[in-house]
Amino acid sequence: MRRREFIKLLGGAAATWSPAARAERSNQMRRIGVLIGTAANDTEGQARMAAFLQGLQELNWSVDRNVRIDIRWTAGNPADTRKYAAELVALTPDVILASGSSVLLSLLEATRTIPIVFTVVADPVGGGVVESLARPGGNVTGFTPFEYGMAGKWLELLKEIAPSVTRAGVLRDHTGSTGIGQFAAIQSVAPSLGMEVSAVNVRDVGEIERAVTALASSRGGLVLTGSAYAIVHRDLIVKLSARHKVINLKTAKTIGLSMPPSVLARADEVIE
């Protein structure tokens with residue numbers, strides 16, 4: 001399924017009311033809260049939001065006619081994520097759409113009663129946000145792109161495309177379960193690949209620049225784990241990787257860098 005079709009489907013999941021209920025309440029104004037881990041001007045976040053609105057439109061939910069949508073953009077900032085999560089919960093919406101693991105965790109700290117539909121949340125079972133994929137339980141349901149074990153494949157890919165690399169830094173957001181879970185999966189496969197891995201916790205742009213520079217100078221590899229912070233600063237990471245010649249610009253194939261498709265797909269566009 002293509003990404004756009006997938007996100008349109010999310011629009012249907014977020015509008016959890018049955019067809020009969022929608023007909024009965026067609027003249028009532030419903031309220032949806034939306035918390036997104038990217039910046040407001042981020043192209044990826046805007047594309048997802050546009051597809052979500054289109055999905056609602058196709059289900060006969062139109063902004064200012066029968067539904068009101070309150071949107072907050074966190075730009076990967078933990079303090080803003082907690083602040084905006086509390087703000088949205090205080091508005092008592094009918095349902096909240098959460099895009100990203102850190103966003104979802106902040107919302108769960110703020111409410112255990114308002115229904116939450118999530119997307120782009122890695123391994124929700126492993127992260128402890130749902131009981132199981134078949135029966136999520138609680139006030140949460142949604143979609144997951146992968147489970148934590150997938151992160152081990154990123155290290156395998158790095159070794160395959162750069163066989164001489166024996167050390168790798170794992171760039172991660174350590175403030176949530178996703179960064180911790182992905183690093184644990186990477187650690188578990190490292191010995192079988194003859195690799196030594198170390199966690200690189202990032203909290204600001206300066207740390208990203210220092211981390212990439214240090215790894216390049218020591219001829220170490222870099223694995224970029226999935227997080228809102230990585231998406232927000234993906235252009236910077238791609239540019240730094242190009243500057244230090246850890247990425248082939250013509251083919252966008254990694255040489256000493258393994259990263260999620262959402263970041264790698266931007267490589268040629270950003271560096272041209």
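Visitor: Where do Glu156 and Lys153 lie?
Guide: Both are in helix H6 (residues 150–161), three residues apart, which is about one turn of the helix. The model is predicted.

Visitor: What do their side chains form?
Guide: A salt bridge: the closest N and O atoms of Glu156 and Lys153 are 3.8 Å apart.

Visitor: Is Glu156 buried or partly exposed? And what about Lys153?
Guide: Glu156 is partly exposed, at 33% relative accessibility. Lys153 is also partly exposed, at 48% relative accessibility.

Visitor: Which residues are joined into a network by salt bridges that share partners?
Guide: Arg31, Arg68 and Asp70 are joined into one network that way.

Visitor: How many salt bridges does the count come to?
Guide: Six.

Visitor: Which side chain does Asp94 meet in a salt bridge?
Guide: That of Arg30, with an N to O distance of 3.0 Å. The pair links distant parts of the chain, as Asp94 and Arg30 are 64 residues apart.

Visitor: Where does each of the two sit?
Guide: Asp94 is in the loop between helix H4 (78–90) and strand S3 (95–99), and Arg30 is in strand S1 (residues 30–36).

Visitor: Which counts as buried, and which as partly exposed?
Guide: Arg30 counts as buried because its relative accessibility is 12%, under the 20% cut-off. Asp94 is partly exposed, with a relative accessible area of 27%.

Visitor: Back to helices. What about Glu44 and Arg48?
Guide: Their side chains meet in a salt bridge, 3.3 Å from N to O. Glu44 and Arg48 are four residues apart in helix H3 (residues 43–58), so about one helical turn separates them.

Visitor: Is Glu44 buried or exposed?
Guide: Buried, at 13% relative accessibility.

Visitor: Changing topic: which residues cover the faces of strand S8?
Guide: Let me put that in terms of burial. Strand S8 (residues 221–224) is covered on both faces. Gly221 and Val223 are on one side, Leu222 and Leu224 are on the other, and all of them are buried.

Visitor: In which sense do S6 and S8 pair, and over how many bridges?
Guide: Strand S6 (residues 167–172) pairs with S8 in the parallel sense, over four bridges.

Visitor: Which residue in S8 is the bridge partner of Val170?
Guide: Val223. That residue is on the side of S8 with Gly221, and both are buried.

Note on methods
Residues are numbered from 1 along each chain as its sequence is written. This is a predicted model: local features need pLDDT of at least 70, side-chain atom pairs count only at pLDDT 80 or more; totals for chains, interfaces and linings use all residues. Side-chain values use heavy atoms; hydrogens and water are left out. A salt bridge is a side-chain nitrogen of Lys or Arg within 4 Å of a carboxyl oxygen of Asp or Glu. Buried means under 20% relative accessible area, exposed over 50%, partly exposed in between (1.4 Å probe, protein chains only). Two strands pair if DSSP finds at least two bridges between them.
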